[in-house]
Amino acid sequence: MSTLLEQGPTYLLQSPLATGAVVVAVLLGLISWSTTPPNAPDLPGPKGWPIVGSLFQRGKDPASTYQQWAKIYGPVFRMRLANKWVVVINGAEAGDELVGSAQYGSIFQSRPMPHTLGKLLGLASKKAVTLGTSPYDDLLKGKRRLSIASVSPAATKTYENIIERAAQYFVRGLNNANKQGGPIDAVPIFFDAAAVLAITVLCGASVEEASVLLNDIPYPMKRLGQIRNINGHYRDFFPILRVLPPSKLFREAVEVAKYRNGKLTFLLNRCKREYEEGTAQPCAAVSVLRENKQNLSDESLTSVSNSMVSSGLDSHMPNTLLWGLGLLASNKDMQEKAYDAIISQEKLGDAMNIERDNYLFAFVKEMGRYFTTFRLALARETIGKDLVWKGHYIPEGTTVYTNCHAMNRDPARFVNPEKFWPERFMSGPEAERTMPHYGFGIGRRNCPAMNLVHKEIYTVYKRILLNWSIELFDGEREFDAVRGCADGLEFNQAPKPYRIKLTVRDQQKLDAYLNTEL
Ligand code: HEM
């Protein structure tokens with residue numbers, strides 16, 4: 001120390017150790033400065049570590065960790081993820097009051113544009129931006145209106161035949177696998193068929209065309225979901241890392257986005273031509289075109305179409321179907337009740353209120369609640385003004401995570417929330433029967449497709465259960481939404497791998513069904 005005091009900067013330059021220490025200190029200071037966000041929300045929350053904040057305290061299942069933190073800091077807390085402050089909403093009441101209410105809902109209606117995603121869109125085309133990843137603006141309002149119209153209950157009714165054809169494609173895939181003998185891994189079958197379902201509902205293509213359409217895309221479709229993952233990329237949190245060359249995952253996602261846009265543009269142009277000629281079949285794209293009174297540009301229409309297919313092409317749809325299939329296979333009692341409900345529905349037709357009296361329908365709803373495959377939904381960003389809520393200050397521009405997983409497990413809102421109990425939507429308390437759960441998000445940016453999704457999942461299970469009884473191949477397995485989850489850090493949560501065994505109920509009926517041209 002005395003040498004340093006006596007010689008000052010000269011000593012620093014002469015001693016490599018001291019120079020190194022100074023460089024490290026300056027670098028740390030710079031990183032800390034560049035990762036300390038201004039304008040902190042005034043809420044309780046975990047303290048976090050220097051520089052990285054709570055980034056590495058989130059664990060392997062951030063939604064469950066936030067649910068635990070909410071017990072310490074309250075249903076709405078703040079945390080710092082390196083250079084970002086994030087507010088996490090965990091309770092049903094707080095979610096309804098903040099994001100779902102007329103009073104505050106508009107403040108929560110934008111989405112942040114993380115660096116990695118923004119860069120991908122710049123390279124691949126703005127057409128690749130789905131509604132789910134669009135910040136709020138006037139264009140978004142128009143696009144959202146179109147997407148809502150295209151999946152309304154009335155529009156969905158006109159897609160029933162398309163959904164039946166896609167359900168037959170699911171059954172064909174399972175039947176082909178079953179004919180090989182041995183256990184069946186439904187993952188590749190469901191991912192392929194869910195993509196076919198999404199494409200056929202979007203543009204009325206035949207299942208044959210849809211099944212080959214995306215075969216030449218060079219990397220797995222889930223690359224795009226990996227870039228959209230709410231749990232983020234280090235480059236989003238540490239600007240200094242952006243000087244590094246793009247990662248392999250990023251480069252592959254750009255290719256996928258470019259290819260996918262090309263295919264969707266082709267399909268959409270065909271729909272447009274047929275719509276103008278008056279020969280188009282009912283499908284979501286035709287509903288969009290019919291509703292497009294503002295004459296949105298081709299770019300906007302492709303972007304809406306991208307939004308309509310991404311859940312099937314990425315993972316929410318196949319993952320949701322895989323959780324439910326496993327549960328049905330593992331629980332004979334539920335499977336029998338679901339089968340009986342299908343038979344009663346077939347006999348009674350419209351005389352049965354499917355929403356209220358059908359066990360399989362209730363099972364489908366409960367799957368959405370219990371498994372909440374999209375646990376943290378898509379991030380929000382506050383817009384329009386700063387908010388003071390119960391004395392807490394949340395500045396405009398704050399990133400917000402709606403923890404749908406925790407809201408769906410809030411005991412103040414759901415009786416015995418840890419239990420998978422479809423009957424809650426049939427004979428449970430009125431609040432549960434009449435209010436939607438949070439599996440499709442909340443408020444002004446919620447998922448518009450809940451009706452369509454319920455119908456699609458119901459039809460797929462109905463066709464599977466009418467033809468087979470299902471068992472687990474490898475013995476008992478627990479389909480617990482948390483313990484049974486493959487990877488809590490993924491964009492969308494899948495069950496751990498499992499295999500099933502199918503026993504044909506009536507071979508003649510199965511053959512006749514597969515030979516029917518729908
Ligand atoms: C099992 C299937 C699905 C699940 C679990 C699901 C769930 C979700 C969730 C949680 C969100 C975010 C909502 C929020 O931030 O509050 C969302 C957004 C969205 N979903 Fe779905 N979804 C599914 C299928 C679909 C389908 C089939 C379509 C279209 C045909 C669709 C269209 C959209 C759109 C357009 C958005 C963005 C809304 C916006 O940002 O304004 N979803 N979905």
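Predicted model: local features only at pLDDT ≥ 70, side-chain atom pairs only at ≥ 80, totals over all residues.
Where is Ala377 found? Ala377 sits in the loop between α20 (359-371) and β3 (380-381). Ala377 has a positive phi of about 50° although it is not a glycine. With a relative accessibility of 15%, Ala377 counts as buried, because the cut-off for buried is under 20%.

Lys390 belongs to the loop between β4 (387-389) and β5 (392-394). Is Lys390 buried or exposed? Lys390 has a relative accessible area of 59%, so it is exposed.

Let us turn to the helices, starting with α15. Helix α15 spans residues 284-291 and is mostly covered, with 6 of its 8 residues buried. Those buried residues are Ala284, Ala285, Val286, Ser287, Val288 and Leu289. What covers the buried residues of α15? The cover includes α7 (138-150), α8 (153-157), α10 (186-203), α14 and α16 (298-313).

Helix α10, one of the elements in that cover, deserves a visit of its own. Ala194 is found in α10, and its relative accessible area of 1% makes it buried. Leaving aside residues up to four places away in sequence, Ala194 touches Phe170, Gly312, Met317 and Pro318. Met317 is 123 residues from Ala194 in sequence, yet their C-alpha atoms are 6.4 Å apart in space. Asp192 also has its place in helix α10. Asp192 has a relative accessible area of 32%, so it counts as partly exposed. Between the C-alpha atoms of Asp192 and Asn178 there are 16 Å, with the two residues 14 apart along the chain.

Helix α17 covers residues 316-330 and helix α18 covers residues 332-348; the two pack at an angle of about 105°, with their axes 5 Å apart. An angle from 65 to 115 degrees counts as roughly perpendicular, and therefore α17 and α18 are described as roughly perpendicular to each other. Which residues meet where α17 and α18 come together? On the α17 side they are Leu327, Leu328, Ala329 and Ser330, and on the α18 side Lys332, Met334, Gln335 and Ala338. This contact is made up of 5 nonpolar, 2 polar and 1 charged residues.

Next comes the loop between α22 (430-434) and α23 (450-467), where Cys447 is found. The UniProt annotation "binding site", from an unreviewed entry, covers Cys447. Cys447 has a relative accessibility of 30% and so counts as partly exposed. Pro448 lies in the loop between α22 and α23 as well, and with a relative accessible area of 30% Pro448 is partly exposed. Not counting residues up to four places away in sequence, Pro448 touches Arg144, Ser147, Ile148 and Val151. Pro448 and Gln67, for their part, are 381 residues apart in sequence, with 26 Å between their C-alpha atoms.

A disulfide is a covalent bond between the sulfur atoms of two cysteines. How many disulfides does the count come to? With a pair of sulfur atoms required to lie within 2.5 Å, the count is 0 disulfides. Cys271 is in no disulfide, and the nearest cysteine sulfur, that of Cys283, is 4.1 Å away. Cys404 is in no disulfide either; for Cys404 the nearest cysteine sulfur belongs to Cys447 and is 11 Å away. Cys271 counts as buried because its relative accessibility is 3%, and Cys404 counts as buried because its relative accessibility is 1%.

One last stop is Ser247, in the loop between α13 (234-237) and α14 (248-277). Is Ser247 buried or partly exposed? Its relative accessibility is 29%, so Ser247 counts as partly exposed. Ser247 and Thr116 are 131 residues apart in sequence and 10 Å apart in space, C-alpha to C-alpha.

Terms used:
Residues numbered from 1 in each chain as written. Heavy atoms only, no water. UniProt positions renumbered as here; feature names shortened; annotations may be inferred. Helix = DSSP H or I, 4+ residues; strand = E, 2+ residues; numbered from the N terminus. Buried < 20%, exposed > 50% of the residue type's maximum accessible area, 1.4 Å probe, protein only. Axes fitted to C-alpha atoms, helices over the stretch in contact; angles between N-to-C directions. Parallel < 35°, antiparallel > 145°, perpendicular 65-115°, else oblique. Contact = heavy atoms within 4.5 Å. Nonpolar A, V, L, I, M, F, W, Y, C, P; charged D, E, K, R; others polar.
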